[in-house]
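Colleague: Could you walk me through the packing in this model? I'd like the cut-offs along with the answers.

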Amino acid sequence: MANTTPEAFLQQLQEIFTGVQLSMDTQLQALPNWDSLALALLLNLLRGQYGCEVELHQLLACKTPQDLWQLLQA
């Protein structure tokens, strides 16, 4: 996994979810642009940049950016 901080990770998520201010506690499913494109972009970020072999069901189980962060740390 690439070395990063939670803040840098949150900034990368902010690039996917534009127009919304994110925190580590933001409810992902409540975001207006939480859709199949966002999921594809998240999978690409997690797999491509971080080398995290995450499956779609694992991604869908994440409710907040904090959950995504913890998935990366596992």
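Modeller: Happy to, starting with aromatic rings: rings of Phe, Tyr and Trp (its six-membered ring) pair if their centres lie within 6.5 Å, with planes under 30 degrees apart counted as stacked, over 60 as edge-to-face and the rest as tilted. Residues are numbered from 1 along each chain as its sequence is written, and side-chain values use heavy atoms, with hydrogens and water left out. This is a predicted model, where local features need pLDDT of at least 70 and side-chain atom pairs count only at pLDDT 80 or more, while totals for chains, interfaces and linings use all residues.

Colleague: Which residues form one aromatic cluster?

Modeller: The ring rule gives a count of 3 aromatic pairs. The rings of F9 and Y50 have centres 5.8 Å apart and planes at 75°, so that pair is edge-to-face. For F9 and W69 the centres are 5.6 Å apart and the planes at 45°, so that pair is tilted. The members of the one cluster are F9, Y50 and W69.

Colleague: How many residues apart in sequence are the parts that F9 and W69 tie together?

Modeller: Helices here are DSSP runs (H or I, at least four residues; strands are E, at least two), numbered from the N terminus. F9 lies in helix α1 and W69 in helix α4, so the pair ties together parts whose separation in sequence is 60 residues.

Colleague: Is F9 buried or exposed, and what is its relative accessible area?

Modeller: Buried means under 20% relative accessible area, exposed over 50%, and partly exposed in between (1.4 Å probe, protein chains only). Y50 is buried at 3%, and W69 is buried as well. F9 is also buried, with a relative accessible area of 0%.

Colleague: Within what arc do the buried residues of α4 fall, seen down its axis?

Modeller: The buried residues of α4 are P65, L68, W69, L71 and L72. They line one face of the helix, because the directions from the helix axis to the C-beta atoms fall within an arc of 155°. As background, an α-helix has 3.6 residues a turn, so residues three or four places apart point the same way. For L72, the relative accessible area is 6%.

Colleague: What covers the buried residues of α4?

Modeller: Contact means heavy atoms within 4.5 Å. Leaving aside neighbours within four places in sequence, L68 is in contact with F9, L13, L28, L42, L46, L59 and C62. The cover over the buried residues of α4 includes α1, α2 and α3 (56-61).

Colleague: Which residues is T64 in contact with, leaving aside its neighbours within four places in sequence?

Modeller: T64 is placed in the loop between α3 and α4. At 9% relative accessibility, T64 counts as buried. With those neighbours left aside, the contacts of T64 are M24, D25, T26, Q27 and L28.
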